[in-house]
Amino acid sequence: MTYRRLWSVALVTVIGTALGFTAVPSAAAAANGDAWGQAASHATGDYYNPGEKKLTPAVAPKAKKRWSVPLGSAKCTSPSVPLVGANRLVTAAAYRISGYDATTGALRWRTPEAGKRHITLAAIVGTNLVAQYWDCRSGKSYLTAFNVGTGKALYTKQITATMYDLLVDKGILVGGLWDPTIGNYGLRAYRISDGALVWARQGSMAGQAVSAGGRIVAFGNDEPGAAFDITTGKRLWSTGAGCYSPIGASPDGAKFYMSCNDSDGIQVVDAATGQVTASFPYYGTIFGFATDGKRVYLGTLSDSGVLAVDAGTGGKVWSTKFADRGPIMFSTGGGVLYGWRSYGHPIAAFDAKTGQAIKLDAGTSMIQGPPLMANGRLYGPTGSSVITFAP
């Protein structure tokens, strides 16, 4: 399992206002900006936690496994990507959503098992958890929301079909789907406050599902790519003919990073106007993406390595090489870049500014994907659990 593409197809669950929860004492959860609230941390797909200040290059090597919480698969479903926010680590596995104390791992709330449901967590926004689930027997899909601190269900609404590539920005959840009523792909946008449908259109998101300043890039009905307002669905500007697939966006939402074909590299596009502001030098085939606003971090196929470039110009800042299995996915925070290589290999880590290698605990080899980070802890799913590392 990896993030985004492998995990974004799974769907989140709540069982509705009639559900009731396993009684576990819970404290009021305050909004915590030091969190990892979506699969890629933010709707921008930056895989970056700017609030992480504790796991610095000097401290990260001291992080050891402290505790874990169970996941587990079941018929018709697999674990969702976990999320962290409002001092909760939230998981969805085996037909249930669980909210744990993000500091201690203590269970704070859990939905009961109420039939076979395929669950995916969409986002933690403030104190609310937004989710979606697909009923394995009826085939019906639902959008739902909880208070992430207490597990109290806020609403459950049936939706047209199961969505993929879920992201939340500007109070709106948007996702792609196959609409059998029209025999075509479509986009749906729902207001997260009450689950109401806000807009719908034919088309599908281009490249990675990211939002920059409330703008998403999608294939429309009459052109190869265009930017649309996430709150209204209104078309804003067209993309270039050969460069229309976002790989991510800047943490401030001001610009998209667009992937062109291999010979053209990456273009930096102003999210408000669609104007190209920079073209990165060609570095060969690249994959993976993370950015802290100063540097963009990429994996390189030719060198099986890691490349850090200036976020504005694309000029090389530093690079590394691996004999085999270089990192293919990244996350960053606290001045450290984490690179996931594959299952069985410890997470690679580097000083984000200099590229100096940082040796992490060998136990990180169990993690399947780039780690989440919040408040001095690394969280990593293993398939059967989420393990937590801290100094």
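A residue is called buried when its relative accessible area is under 20%, exposed when that area is over 50%, and partly exposed in between, with a 1.4 Å probe and protein chains only. By this criterion, 57% of the 391 residues of the protein are buried.

The model is a predicted one, in which local features need a pLDDT of at least 70, side-chain atom pairs count only at pLDDT 80 or more, and totals for chains, interfaces and linings use all residues. Residues are numbered from 1 along each chain as its sequence is written, and side-chain values use heavy atoms, with hydrogens and water left out.

The pLDDT, the predictor's confidence in each residue on a scale from 0 to 100, averages 88 for the protein, and 89% of the residues score at least 70. Over residues 1-33, however, the pLDDT is below 50. Where pLDDT is low, the predicted coordinates should not be read in detail.

The secondary structure consists of zero helices and 34 strands; here helices (H or I, at least four residues) and strands (E, at least two) are DSSP runs numbered from the N terminus.

Thr 291 stands opposite Val 296 in β25.

Terms used: Contact = heavy atoms within 4.5 Å. Pairing = 2+ DSSP bridges.
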